[in-house]
Amino acid sequence: MDTMLLAREHPNLKVNAITPGYILTDMTRNAGATKSPEEGTKAALYCLMGELEGNGRYYGSDAVRSPLDRYRGPGDPPYAGP
């Protein structure tokens with residue numbers, strides 16, 4: 001929710017949140033992570049360089065808009081809420 005609040009308070013800035021997903025690192029190697037660090041940059045790169053339609057939004061690991069209050073898996077349809 002801080003993302004939406006900051007976006008409202010600073011409309012001249014682009015404020016969005018992302019998740020990289022469960023990234024395979026030394027710490028997560030034996031814990032089920034399978035996503036490479038390179039794959040984990042997809043949402044960040046999209047928010048940095050993509051044409052975003054709004055502000056104060058959350059993007060999943062596949063760089064698709066997601067809800068803040070529930071899981072939207074990679075490949076699921078984009079969140080179309082407010």
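Mentor: Let's begin with some sorting: Ala, Val, Leu, Ile, Met, Phe, Trp, Tyr, Cys and Pro count as nonpolar, Asp, Glu, Lys and Arg as charged, and the others, Gly among them, as polar. Keep in mind that this is a predicted model.

Trainee: How do the residues lining the second largest pocket divide?

Mentor: That lining has 4 nonpolar, 5 polar and 4 charged residues. The pocket holds about 170 Å³ of space. Of its 13 lining residues, those closest to the centre are Thr-19, Tyr-58, Gly-60, Tyr-71 and Arg-72.

Trainee: What is the volume of the largest pocket?

Mentor: About 300 Å³. It has 16 lining residues, and Met-4, Gly-56, Arg-65, Leu-68 and Pro-82 are the closest to its centre. Its lining divides into 8 nonpolar, 3 polar and 5 charged residues.

Trainee: Why is Leu-48 called exposed?

Mentor: Leu-48 has a relative accessible area of 67%. Exposed means over 50%, so Leu-48 qualifies. You will find Leu-48 in helix 2, residues 42-49.

Trainee: Which residues make the nonpolar surface patch?

Mentor: Leu-45, Leu-48 and Met-49 make this patch of about 360 Å². A patch residue needs over 30% relative accessible area, and Leu-48, at 67%, passes that cut-off.

Notes: Residues numbered from 1 in each chain as written. Predicted model: local features only at pLDDT ≥ 70, side-chain atom pairs only at ≥ 80, totals over all residues. Heavy atoms only, no water. Patch = residues over 30% accessible without salt bridge, like charges linked within 9 Å, V, L, I, M, F, W, Y side chains within 5 Å. Areas by Shrake-Rupley, 256 points an atom, 1.4 Å probe, with all protein chains shown as cover. Salt bridge = Lys/Arg side-chain N within 4 Å of Asp/Glu carboxyl O. Helix = DSSP H or I, 4+ residues; strand = E, 2+ residues; numbered from the N terminus. Buried < 20%, exposed > 50% of the residue type's maximum accessible area, 1.4 Å probe, protein only. 1 Å grid on protein atoms, 1.4 Å probe; cavity = no way out; pocket = protein on both sides within 12 Å on 5 of 7 lines; lining within 4 Å. Points joined across faces, edges and corners; volume = space filled by probe spheres on them.
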